[in-house]
2 protein chains.
Amino acid sequence: MAMKKIINAPENYTDDMLRGIYAANDMVKYVNDDLRCYCIAKKKPDKVAIITGGGTGHLPLFLGYVGDGMLDGCGVGGVFQSPSAEQIYNVAKAVDSGKGILFLYGNYTGDIMNFDMASEMLDMDDIETKSIVGADDVLSNANPDARRGVAGIFFMYKCAGARAAWGGSLDEVLAAAQKAKDQTRTVGFALTPCIIPEVGHPNFTLKDDEMAMGMGIHGEPGVWNGPIRTADELAAESLDSILKDMPVAAGEEVCVLINGLGATSQEELYILSGSVRKILDDKKIRVYRTFVGEYATSMEMAGASISICRIVDEEMRKEIDLPVHTPFYTQI
Amino acid sequence: MAMKKIINAPENYTDDMLRGIYAANDMVKYVNDDLRCYCIAKKKPDKVAIITGGGTGHLPLFLGYVGDGMLDGCGVGGVFQSPSAEQIYNVAKAVDSGKGILFLYGNYTGDIMNFDMASEMLDMDDIETKSIVGADDVLSNANPDARRGVAGIFFMYKCAGARAAWGGSLDEVLAAAQKAKDQTRTVGFALTPCIIPEVGHPNFTLKDDEMAMGMGIHGEPGVWNGPIRTADELAAESLDSILKDMPVAAGEEVCVLINGLGATSQEELYILSGSVRKILDDKKIRVYRTFVGEYATSMEMAGASISICRIVDEEMRKEIDLPVHTPFYTQI
């Protein structure tokens with residue numbers, strides 16, 4: 001499989017992308033003369049700032065959720081690489097309004113190291129930070145604390161973002177993120193690999209009729225490779241894994257997120273969404289809201305993920321329903 | 001290239017997709033017990049109804065623009081096939097509020113035949129219709145009337161939709177669509193083919209390092225096949241074709257639409273958007289608004305298109321700025 005991408009020099013991939021984003025949108029900007037220090041153009045006063053970060057190659061994750069009602073800033077790393085501690089620190093300084101800062105990002109070693117370092121740097125400036133990581137990928141590890149963060153972080157962004165927009169304290173915003181985390185599980189599967197621009201070839205291969213259940217958004221191996229299954233079968237197996245890990249009783253309510261990994265068409269995502277819905281209906285699990293589209297991708301990887309977010313109270317419903325607006329995601 | 005799709009039986013592709021869409025969204029419904037008669041759930045009173053239609057495989061085109069401030073209904077065909085005249089007729093009957101109906105769709109023979117037939121059927125019911133086709137694909141034909149309609153139809157939907165939402169007459173809504181049509185041009189290019197589910201293999205091939213400039217969204221041949229060019233080169237060649245066909249002077253204003261054909265990542269679309277912006281800046285052509293994302297796809301085809309919509313008056317600005325909300329597209 002050769003690399004077929006619309007790019008200029010591969011080494012400029014991340015910065016060319018960022019220039020394109022800034023030119024197209026005036027609600028975001030960069031600070032410290034560093035394109036990768038991405039934040040909201042107008043700092044919001046008297047509000048807990050929420051900062052995320054992570055590697056390039058997952059749009060709209062991570063920077064795409066910076067905007068009204070969601071996040072305030074994002075440290076942008078190279079393709080599948082963590083942003084530096086300095087970049088995270090600079091973003092934090094730019095958006096801090098004195099109410100403290102929540103770091104909310106995915107559970108990956110490089111990111112944890114750099115966010116922790118940024119936290120120490122901010123501590124020396126008397127800026128309080130708290131941290132929480134998304135770790136929703138059920139099949140990535142039997143131990144919940146060791147799981148990777150994938151598309152389910154959307155619900156953490158949404159709930160924490162709402163709580164911050166409503167003037168919540170740092171502890172309250174953290175609690176909203178924690179509640180969304182506790183109630184969210186994801187299972188994903190890939191049909192093709194993707195290619196890192198500076199590498200130029202896939203770092204693994206799948207046969208012509210083969211897929212990988214549980215594959216991570218950087219191509220981390222999953223739980224099985226085998227012939228491609230139907231949408232109905234994939235929905236059934238994924239929900240089975242999710243509901244074994246987080247039981248949802250008949251009559252309870254969930255949000256569903258059907259996420260495309262990049263190359264998979266919206267037609268397929270809606271077919272998959274329909275398959276998921278049939279199973280939930282059969283189980284008498286009520287669906288509060290269904291989100292279908294690209295929320296956390298792996299460039300041009302074909303595949304999808306299914307996230308279930310259990311709605312446990314009216315507060316969560318309100319957080320999820322809060323209208324938000326970013327250059328990549330608008331909900332009314 | 002084998003088919004790698006998340007589907008059930010290929011022959012159920014369109015209807016499975018539609019079931020998924022209806023289950024996920026309550027602002028749309030189907031009428032006449034036919035999933036393919038797609039329309040807004042609550043008919044809007046005293047308003048010109050705008051109806052589109054076309055084949056499946058281009059989401060969010062066509063049905064994705066049915067919603068508040070845009071379209072009222074859509075006849076849904078099978079993959080790359082026209083809806084039937086009866087389906088278009090049934091949609092029209094369901095959304096008609098007595099102010100007339102605008103048919104607004106792409107310039108393809110099958111669609112023209114069936115929309116014209118539906119128009120005759122409605123005429124017998126004393127329902128007035130007018131028709132206009134999108135034909136923005138510059139490289140598809142030297143003769144503007146013979147060009148295919150592609151992503152630029154978005155601007156026709158947006159402008160006509162706004163005019164209808166504001167209570168415009170059928171002639172006024174048609175005029176808004178016509179003005180947007182006159183000012184919009186598109187050039188697209190493909191890096192990979194796509195596969196029709198019931199066929200199971202691509203109907204053409206591109207070599208590992210090959211792309212096709214000017215290829216249509218059903219795989220219609222373009223103007224050249226050759227090695228993949230850079231984003232900067234593709235932007236330059238595309239804008240050259242567009243601006244030769246529709247000159248835009250320094251100081252004039254345009255909207256830019258960077259559309260992904262399906263498998264191309266958002267990262268690449270923003271790189272391409274940045275390339276386009278540099279050229280427009282150099283030419284001192286002002287950019288009023290940039291749209292980046294998937295607006296008219298060809299399932300899992302890799303590639304993109306660039307549309308330029310020249311803004312000629314304040315009316316167009318207002319039409320383009322009107323907030324709209326559909327299950328697939330929200331603009332505030």
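**View 1. Where chain A meets chain B.** In this predicted model, the contact (heavy atoms within 4.5 Å) draws in 58 residues from chain A and 58 residues from chain B. About 4,500 Å² is buried between chain A and chain B, with carbon and sulfur atoms giving 60% of that area; buried area here is the accessible area (1.4 Å probe) that two parts lose on being put together, summed over both. Looking for salt bridges (a side-chain nitrogen of Lys or Arg within 4 Å of a carboxyl oxygen of Asp or Glu)? The count between chain A and chain B is zero. Polar contacts do turn up across this interface: 24 residue pairs, both residues at pLDDT 80 or more. That rule wants a pair of N or O atoms within 3.5 Å; within protein, one must be able to donate a hydrogen and the other to accept it, and residues adjacent in sequence count only if both atoms are side-chain atoms.

View 2. H1, helix H6 (231-245), helix H7 (266-282) and strand E12 (303-311) of chain A each put in at least two residues. Helices (H or I, at least four residues) and strands (E, at least two) are DSSP runs, numbered from the N terminus. H7(A) gives the most, with ten residues.

**View 3. The six-stranded sheet of chain A.** This open sheet runs E1-E2-E4-E3-E5-E6 (chain A) with mixed pairing; two strands pair if DSSP finds at least two bridges between them. Strand E1 (28-30) and strand E6 (129-134) of chain A are the edges, each pairing on one side only. From one strand to the next, the twist averages 25°. Strands E3 (residues 49-56) and E5 (residues 101-106) of chain A run parallel and are joined by three bridges, and Ala49(A) sits opposite Ile101(A) in E5(A). Helix H1 (residues 13-24) of chain A packs on the sheet, at about 145° to E4(A); axes are lines fitted to C-alpha atoms, for helices over the stretch in contact, and angles run from 0 to 180 degrees between N-to-C directions.

**View 4. Helices on the sheet of chain B.** E1(B) and strand E2 (residues 37-40) of chain B pair antiparallel over three bridges, with Cys39(B) as the bridge partner of Lys29(B). Helix H2 (residues 85-95) of chain B packs on the sheet, touching E2, E3, E4 and strand E5 (101-106) of chain B, and makes about 20° with E2(B).

Residues are numbered from 1 along each chain as its sequence is written, and chains are lettered from A in the order in which they are written. Local features need pLDDT of at least 70, and side-chain values use heavy atoms, leaving out hydrogens and water.
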